[in-house]
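Thanks for coming, everyone. I'd like to walk you through one structure today, so let me put it up on the screen.

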Amino acid sequence: MNPHLLRLLGSIGLDILRSLAIALGIIIFTFFVIRMIPGDVVDVRGVEGSLTYSQQTSMREDLGLNQPWLTQFGEWSGMILSGDLGESSRYNRPIVDLLAIVLPSTLMLGATALAIGLIFGISLPTLACLFPRSIFVGIVEFITIWSITMPTFSIGIMSVIVFAVWLDWIPAIGNFLVPAIILGVDTTGSLAKMLYEDMKDVESSEYVRAARAKGLSRSRIILRHVLPNALSVTIALIGMMLAGIFTGALTMEVVFGLPGLGTMTLQAIQGRDYPVVQAIIIWLGLAVIFANLMTEIIRKLVDPRLRTS
Amino acid sequence: MTQAPLLAVSDLRVTITANAGTARVVDGVSFSIAEGRTLALVGESGSGKSMTAMSLLALTPAGVQIETMGTAMFGGRDLLTLSEAELRQVRGRQIAVVFQDPAAALDPLMTVFKQIRESLPPGQRGDGARRRVRELLVEVGLDSIPHIERRYPHELSGGQQQRVAIASALAGNPSLLIADEPTTALDMTVQAQILELLSSLRKARRMAMLLITHDLGVVAAHADDVVVLRKGVTVEAGPTASVIAKPRDAYTQMLLDSRPRLDAVANSGGKPDQAAPLLSIEDLTVSYPGHNAFARRVTAVDGVSLSLPRGSALGIVGESGSGKSTIAKAIVGLTPIEGGSISFDGKRLVNPGSMPAAMRARLQYIFQDSYGALNPRMTVEKAIGEPFAITGMPHRQRRDAIVALLNEVGLSDTLLGRLPRELSGGQRQRVNIARALALSPEVLICDEIVSALDVSIQAQVIKLLKELQRSRSLSLLFISHDLGVIAEICDRVMVMRAGKVLEEGPVRTVFDTPTQPYTRGLLAAAEALEGVGSHPRPSAGVLAIQPAEALLTH
C-alpha cells in the first residue's frame, strides 16, 4: 500500500480517537455541571405548587433521581449514546423531535453564511493577489474593516429597522436571506483578512522566488504555490470560525425572529428546561468538535508535513 | 578558445530600493562567460555577488525594487532591457537558478515529481513528462531512493533536496546555470558531493555555470574564471589558477589567508591540567519525544562521556543531527538529561537546569545566531550590562566594566548606544562574546559561533577567542561542523555521529591518522572543499567520498 496513504489514514484515525475522547469529556462535563445546579425538575415543579411531598418522592423514583450520580450517569450516557436526548420538561415531548423542527432552519442559515464566507473569503484575496493594482485590494480592505468593526447583531437590528420598518422590503419576522448575508459578509471579512495576509507572506518566500526562476507565469505561481500554502495555514482557523457562525446564527435568529435553535435555546434557558439546555450544549459541543475534526482532516490532505503517525 | 561569450555583462550597476532606503549595491561590474565554462563570483556578505546574478533575471527578493544600468548580452539580447514576459521565456529554459537553501526553495506542499514537472518546457504531459522527470532524477543521482517522485521535500535530507532543486533547474535544458551559494546550507560531506555533481553535470551538458560563493576553496576546485567582488566593485578578475596562485589585490590575499586550515596547529597557551577536569560528563543520554504521544522517543545523545581540563579547548565535530549541540544544551540545562551525569569543578549537577547562579556564572554559552541571541531593543551597553545588573553591580562601576569588555573583544566604545541591527555580523558576535565574558566564566561553550560569519570575520573571531583563552585561561567547548575551524582552535577533538562518539583524541592525531572511516570521509570532504593551499595528505588522497547522505536517511 502507498506509504503516504497509510500514514495519512493512521494520522486521521488518531484525530478521530482524540475527537471521540473530547466528545466524551463534553458529555461527562455537561452531566455533572447540570447536577451541580441546586434543585432538579421535581423541585421546579414542587415550587410551582402542584406536587405533594410523597408525589415528589415517587416522581424522583420514577425519574431515577434517587439513585447515586454514577448510576444515573451510566443510564443517562447510555441513553445519549443511543441518540435519545430525553424529554423536554416543559413541552413533555422528546427533545429529538424538537430539534428535528428547529435544526434545519439553523443549519440552513449557518451553511448559507459559511458558503458565502468561503466563496468570497477565498476568491477576493486571490483576485487581490492576482491583480495587485485592481479594485479587489480595496474590497478586501473594506470588508475586513467592516467585519472587525460592525458586530452582526447591531447590523441585524439596523437592517430590520431599515429594510423592514422604513423600506418595507422584507418582513420584520422570519426573513432568512438578510441574516444569512450579514453572517456571510462577517465570515468573508475575517477569512479574507487572514488569507490575504498569509498570501502576502507566502509571496515573499524563497520557493516563490524559485518558482519565478523556473519561468512560471504570475497567475500560475499565485494559484499553484501561493494559494495552497496560504490556505494550509488559514484552514486551521475555519474550524474556529464555524463555531462563530453558529453562535452568530443563534443571535440572528432571535433578532430576525426565525424559529431555530437560537430561539429554542433562549426559551429553554428562560423556562429552566434543563434537559433541553443540556441537549443543546451537547449538540453544539459535538458540532464544534466535528467541524474541527473536518478541518484537521482537510489540513492533512493539503499539507503532507502534518501527516505524522 | 575564442568564441563569442554566452553571457557578456558590462558595467553593470544595480540600485536597490527597499523600506530602508536606496543603495547602489553593484557598481560597474563586468564579466563574461563562454559556453561550457564556470565563472565564480566571490565575495563576502554585502559584496553584491548575489545581487549581480539575480539582477540579470530580475529575481530580486520580495519587497525590493531594483534599477539596473549597463548591459548583459545573452543570445543576442540585452537581458536588462527585456520585459517581464520576455524574461519569463529566458528563466528556466535558457538560464536556470539553484538557490542557497533547498529546504526553503522547494514548495513544501508539492511532491518531487510535481516540482520537477513544473519546470519542463510547456507541452510535455502524461507519460512523456513522467519519463523526462525520471531521466532527470537519474541524472542527479536520486533514482535509487524508493518512491522518490511521490515524496515531499520534508521527507528528504538537505543534500537530496538540493539534488531535486538541481533536477528542476536542469529540466528546461538551460545553457547557463546560476548557482547561488548552492552548498552553504548543507553538511560538509554533502557539500563536496553537490559541487562534484554540479561540475559533472556542467561538463556532460556543456552548460555554463555562474557560481556564486564566499569560499575561495570552492572556486579553486570548480571554477575556470573568477571575479572577486567587494562592496559592489570588482576587486580582481581573471583565470582562477592565476588569481589564486598570485592574487594581485590585498583583499583577495586576505580572503585566501583567512580560510581556516585543516593543517593548522592550535596553540592554546595555558598548560591543560589533566589531573582535575573542570567539566566532565559521564555516559550522558538525552532523548526527545517522537512525532506524537505514541511514537518512540528519539535518542539525540547516546551514552557520551567527555572531560574538559582547565585551560583546554575541546572541539566537537559532526554533521547536523549528530547530537553535538544537544550535549552543550544539556550542560547548561537548556534540555533535560535522561541518563548519566554532568560534573562541574568536582560537583555533580543533579539537574543542570536548577544550577545555582554562582555556578551558572562560571559556565557561559555563546550561540550560532548572533542576531537572534541579542534582544533587538537592547543597546550594546544594556546587553553587555545585563549580567552585571543581575549580579547587582552598582551603576557607577558598570559603565567602566562594559567599556573594558568591549575593548577586550576589539570593539570601540562608540558602539555602546547601537542596537543589534545597527551592527555587522562580526560585531554582533563580538558583543555576544563580551556579554558571555562579563561574569568572568571559566568555561565557554561555543555552539557554531563562527559558521554564520564571513571568512575574514571568522578568522578575526577565531583569533580573538584564542587570545581570550590565553589571557583568561578559559576552557572552551567548541562545537563546529568545520574541521578547519576546530584545527585552528582546539587541542582535542571528539567526532560524533548519530548521538555517539566515534573517536576522540588530540586534534593532530585524529586529523592525521583517523581510525574511523566516517572521520576519514569528513576529512576527505573537507579537503575536497579546501581545494588548493593544503598539502595533500596520503591518508585522504586514496579515499573516495562516501555517499554519506544515503546512509544518513535510511
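In chain B, 48% of the 554 residues are buried. Before I go on, please keep in mind that this is a predicted model.

How many helices and strands does chain B have? There are 21 helices and 20 strands. The radius of gyration of chain B comes out at 25 Å, close to the 24 Å that the globule rule gives for 554 residues, so chain B is as compact as a globular protein of that length. If you'd like dimensions, the C-alpha trace of chain B spans about 70 × 55 × 50 Å along its principal axes. And if we take the contacts in chain B with a separation of 6 or more, 70% of them are between residues 24 or more positions apart.

Now let's look at a sheet in chain B. This one is open and has 6 strands, in the order 6-7-8-3-9-10, with mixed pairing. Which strands stand at the edges? Those are strand 6 and strand 10, residues 233-239; each has a single partner strand, so one side of each is left without a neighbour in the sheet. From one strand to the next, the twist averages 15°.

Let me stay with strand 10 of chain B for a moment. Strand 9, residues 225-230, pairs with strand 10 in the antiparallel sense, over 6 bridges.

Next, the contact between the chains. Here 30 residues of chain B are in contact with 26 residues of chain A. On the chain B side, helix 2 (84-90), strand 6 (95-98) and helix 3 (102-105) each supply at least two residues. By class, that side has 13 nonpolar, 10 polar and 7 charged residues.

Last stop, chain A, and a pair of helices. Helix 5, residues 95-130, and helix 8, residues 177-203, have axes that come within 7 Å and cross at roughly 35°. The crossing of helix 5 and helix 8 of chain A is right-handed. Their contact has 19 nonpolar, 6 polar and 1 charged residues.

Key: Residues numbered from 1 in each chain as written. Chains lettered and ligands numbered in written order. Predicted model: local features only at pLDDT ≥ 70, side-chain atom pairs only at ≥ 80, totals over all residues. Axes fitted to C-alpha atoms, helices over the stretch in contact; angles between N-to-C directions. Helix = DSSP H or I, 4+ residues; strand = E, 2+ residues; numbered from the N terminus. Left-handed = near helix turned anticlockwise from the far one by under 90°. Nonpolar A, V, L, I, M, F, W, Y, C, P; charged D, E, K, R; others polar. Contact = placed C-beta atoms within 7 Å. Pairing = 2+ DSSP bridges. Rg over C-alpha atoms; globule rule 2.2 N^0.38 Å. Buried ≥ 20, exposed ≤ 12 C-beta atoms within 10 Å, placed from the backbone.
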